[in-house]
Amino acid sequence: MLKQNKFVLAAAVSLAAGSAQAADYRDNPFTLVYDGAITENVAGRVNIKPVTYELHGLTISANVYLPANYDPKGHYAAVAVAHPNGGTKEQVAGLYAQRLADHGYITIAADASYQGQSAGLPRNTDKPANRIEDIRGMADYLQTFPGVDPERIGLMGICGGGGYSLAAAQTDKRFKAVAVLSMFDSGRVRRQGYQDSDSPEVIAQRMQTASEARAAEARGEEPKYLGDMSGITPEQADKMPFDLYREGYYYYLVNYAHPGSTFRYTASSLLDLMEFDAIAHMELINQPLLIMAGEKADSRYMSEDAFARATGTQDKELFIIPGATHI
């Protein structure tokens with residue numbers, strides 16, 4: 001396994017042992033909310049560089065993390081970090097990007113198009129093709145960034161960003177090593193329900209909802225949204241049946257809340273989500289591959305299925321983090 005993936009593994013294990021502490025984005029000049037976040041750029045330490053760039057006519061907002069004593073004339077390995085569904089670059093994606101920069105990498109965490117601080121209307125459109133292009137866009141930016149060795153660009157995806165990272169790496173060979181953490185296959189879950197638990201009747205109704213939402217948008221009506229958890233109380237969250245959603249509520253909306261982060265997405269996005277399969281062509285991944293999942297994660301089945309179908313590479317590892325859940 002390439003050393004890029006070993007550093008990701010080390011970071012994942014150490015972070016899994018951490019404890020949650022509430023953070024306020026207003027207390028950080030870069031609005032970062034993760035523990036140990038950069039508050040100022042100091043010589044001799046990891047620095048952060050907020051950037052924007054164009055992708056298919058949309059302005060993408062991103063943070064680039066530069067290793068200590070960064071030299072723009074150097075030859076650094078780099079890592080693109082794809083954030084979870086509903087997440088933003090200031091949360092967990094930024095946390096891993098900063099930790100990897102501690103190990104000497106140039107890293108980037110970008111808000112998905114139509115989400116966070118990136119442009120795109122309707123807001124919170126969540127289509128797989130867009131998310132995959134967002135990942136490729138990070139590679140575009142990194143390969144021309146001063147000091148980046150374009151032959152040593154890696155990819156890390158977390159949760160939903162993990163599923164989209166696997167899909168991107170199947171064909172984009174600029175990514176020389178791939179790592180995913182708590183991989184979430186957005187298409188499978190929208191199509192079949194979490195843990196493949198939805199009945200045919202529920203699935204049919206979901207497709208009908210998506211079709212009606214698309215028709216309403218075509219008539220010029222305001223987009224309809226699904227997945228909005230902003231009105232849920234902690235008492236209601238505590239009764240959710242799955243750790244992923246219960247702990248996700250506390251991470252994204254309570255302890256590490258950020259205005260760029262929301263679980264909601266346009267109902268019409270379901271038309272695209274329900275036909276997406278993150279692991280349909282896993283055999284095309286011929287790069288070194290690291291898949292990490294929590295031992296107690298109720299999403300672990302998705303990581304195990306992805307690993308089993310990754311037949312195109314012999315340099316692969318499924319690492320189960322002891323005692324950890326999805327979040």
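Two strands pair if DSSP finds at least two bridges between them. Strands (E, at least two residues) and helices (H or I, at least four) are DSSP runs, numbered from the N terminus. The model is predicted: local features need pLDDT of at least 70, side-chain atom pairs count only at pLDDT 80 or more, and totals for chains, interfaces and linings use all residues. Residues are numbered from 1 along each chain as its sequence is written, and side-chain values use heavy atoms, with hydrogens and water left out.

**View 1. Strand S9 and its two partners.**
S9 spans residues 289-294. Strand S6 (residues 175-181) pairs with S9 in the parallel sense, over four bridges. Here Leu181 stands opposite Met292 in S9. Strand S10 (residues 316-321) also runs parallel to S9, joined by six bridges. Leu290 stands opposite Glu317 in S10.

**View 2. The two faces of S9.**
In a regular strand the side chains alternate between the two faces of the sheet. In S9, Leu289, Ile291 and Ala293 lie on one side, and Leu290, Met292 and Gly294 on the other. Six of the six residues are buried. Buried means under 20% relative accessible area, exposed over 50%, and partly exposed in between (1.4 Å probe, protein chains only).

**View 3. Asn124 in its loop.**
Asn124 sits between strand S4 (106-110) and helix H3 (128-143). Its relative accessible area is 10%, so Asn124 is buried. Not counting residues up to four places away in sequence, Asn124 touches Tyr114, Gln115, Tyr225, Thr262, Arg264, Tyr265 and Thr266. Contact means heavy atoms within 4.5 Å.

**View 4. The largest cavity.**
On a 1 Å grid over the protein atoms alone, a cavity is a set of points where a 1.4 Å probe fits but cannot get out; a pocket is an open set with protein on both sides within 12 Å along at least five of seven lines; lining residues have an atom within 4 Å of a point. Grid points are joined across faces, edges and corners, and a volume is the space filled by probe spheres set on the points. The largest cavity has a volume of about 50 Å³. Its lining includes Ala82, His83 and Arg131. H3 gives the most to this lining, with four residues.

**View 5. The second largest pocket.**
This pocket has a volume of about 530 Å³. It is lined by 27 residues, and Arg190, Gly227, Met229, Tyr245 and Phe263 lie nearest its centre. Helix H8 (residues 243-255) supplies the largest share of the lining, four residues.
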